[in-house]
Amino acid sequence: MPTAATEQLHPEARGLDARPLGEVAEILAQAQADASHAPLTGCAAICDGARAMAETIRQGGTLHYAAAGSSGLMAAADALELGGTFSIPASQLRVHMAGGIPTGMEMPGGTEDETADLERALADLGPKDVLIGVSASGSTPYTVAGATLAKARGATVIGIANNPGSPLLTLADHAVLLATPAEVISGSTRMGAATAQKIALNMLSTLMAIELGHVHDGMMVNLRADNIKLRARAIGIVTRITEVSDETAAQAIEAADGNVKCAILIASGAKDLAEATARLATTGGKLRPALLALRP
């Protein structure tokens, strides 16, 4: 059996422990930078996956993230931030991590082989849903079992793995191969492999948000201004897009009940929240065409 890409020895590994720390630090930094290029070759599959995720959110379906170990942490980090960044409802997000998301200082280990609870965890998975499976090896039993169940129930599977030809990528409707170089510490996929996974996951969720109309000129226009920091950010977004004063922007946000897209339309001439909401409904939630219609 050939050695998996994630288990191969890095060219700089020989004598690593005998080198000065400064030299090792440079090797580690360069390895992370090299790994960061891996998602570039997966852009087409990442875009297709993002479109599927957006359609799931539009239809009221659920995004299920399934992974173990370091890959599970990367998946959880992405899923847990979608509410605050893009206002994706928590009811449409699930994270399935082998052994559960850690609440203490121990990472679940052997649980990546335990698949018995997946049938229960994925009981509500259906054709409207997407499962995003993440595994450096592409053969983690927990993740592959989740993808297999998802396929059987008609859900769309996005597979993210760092080894070509792996079971997860074979199962996936949208296979994202992240061909990262060998790890400086062989098999320590929390390093380069996980770096590439985090980038790919960031790309998937951000492209999904763009497809849903939650981004305008690089700004998070679907955030809900429900704390001091986000209220200040929301005011900045409204003023940049509409060129009104901070005071007018704040009034628009108040009138829009914290909905930034609606606040932008109100600051641009919509008479109230009802009109702003109706205008967004005609554009599928996308701000740019709604603004163009308001300001021909």
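Tutor: Happy to; we can start with the whole chain and then move to the sheet, the cores and a few single residues.

Student: Great. What kind of model is this?

Tutor: This is a predicted model, so please read everything below with that in mind.

Student: How many helices and strands are there in the protein chain?

Tutor: The protein chain has 13 helices and 7 strands. Its C-alpha atoms fill a box of roughly 70 × 50 × 35 Å along the principal axes.

Student: And what share of the residues count as buried?

Tutor: Of the 296 residues, 47% count as buried. As for contacts between residues at least 6 apart in sequence, 65% join residues at least 24 apart.

Student: Let's look at the sheet. In what order do the strands come?

Tutor: The open sheet has 5 strands, in the order β2-β1-β3-β4-β5, and the pairing is parallel. β2 (93-97) and β5 (174-177) stand at the edges with a single partner strand each, so one side of each has no neighbour in the sheet. From one strand to the next, the twist averages 15°.

Student: What holds strands together in a sheet, in general?

Tutor: Strands of a sheet pair through backbone hydrogen bonds, either parallel or antiparallel.

Student: Okay, now β3. Who are its partners?

Tutor: β3 pairs with β1 in the parallel sense over 5 bridges, and 6 bridges join β3 to β4, again running parallel.

Student: Are the residues of β3 buried or exposed?

Tutor: β3 is mostly covered, with 6 of its 6 residues buried. Val130, Ile132 and Val134 point one way from the strand, while Leu131, Gly133 and Ser135 point the other way.

Student: And what about β4 and β5?

Tutor: β4 (residues 156-161) and β5 pair in the parallel sense over 4 bridges, and Ala161 stands opposite Leu177 in β5. Helix α2 (residues 43-58) packs on the sheet, where α2 touches β1 (63-67), β3 (130-135), β4 and β5. The direction of α2 makes about 135° with that of β5.

Student: New topic: how many residues does the largest nonpolar core have?

Tutor: The largest nonpolar core has 31 residues, and those with the most contacts inside it are Met53, Leu63, Tyr65, Ile132, Ile160 and Met208. At least two residues of this core come from each of α2, β1, α3 (69-80), α4 (82-86), β3, β4 and α8 (192-212).

Student: Which residues is Met53 in contact with?

Tutor: Leaving aside neighbours within four places in sequence, Met53 is in contact with Leu63, Tyr65, Val130, Ile132, Ile158, Leu204, Ser205 and Met208. Apart from this core lies another, of 28 residues, among them Met219, Ala234, Ala290 and Leu294.

Student: Ala290 and Leu294, where do those sit?

Tutor: Both are in helix α13 (residues 287-294), whose buried residues are Leu287, Ala290, Leu291 and Leu294. Seen down the axis of α13, these buried residues fall within an arc of 100°, so they line one face of the helix.

Student: Why would residues three or four places apart point the same way?

Tutor: An α-helix has 3.6 residues a turn, so residues at that spacing point the same way.

Student: What do the buried residues of α13 pack against?

Tutor: They pack against β6 (215-216), α9 (228-242), α11 (260-267) and α12 (273-282). While you are at α9, you can find Gly236 there. Gly236 counts as buried because its relative accessibility is 16%, under the 20% cut-off. Gly236 and Met219 are 17 residues apart in sequence and 9.8 Å apart in space, C-alpha to C-alpha.

How values were computed: Residues are numbered from 1 along each chain as its sequence is written. This is a predicted model: local features need pLDDT of at least 70, side-chain atom pairs count only at pLDDT 80 or more; totals for chains, interfaces and linings use all residues. Side-chain values use heavy atoms; hydrogens and water are left out. Buried means under 20% relative accessible area, exposed over 50%, partly exposed in between (1.4 Å probe, protein chains only). The arc is that of the directions from the helix axis to the C-beta atoms. Contact means heavy atoms within 4.5 Å. Two strands pair if DSSP finds at least two bridges between them. Axes are lines fitted to C-alpha atoms, for helices over the stretch in contact, and angles run from 0 to 180 degrees between N-to-C directions. A nonpolar core is a set of buried Ala, Val, Leu, Ile, Met, Phe, Trp, Tyr and Cys residues joined through side-chain atoms within 4.5 Å.
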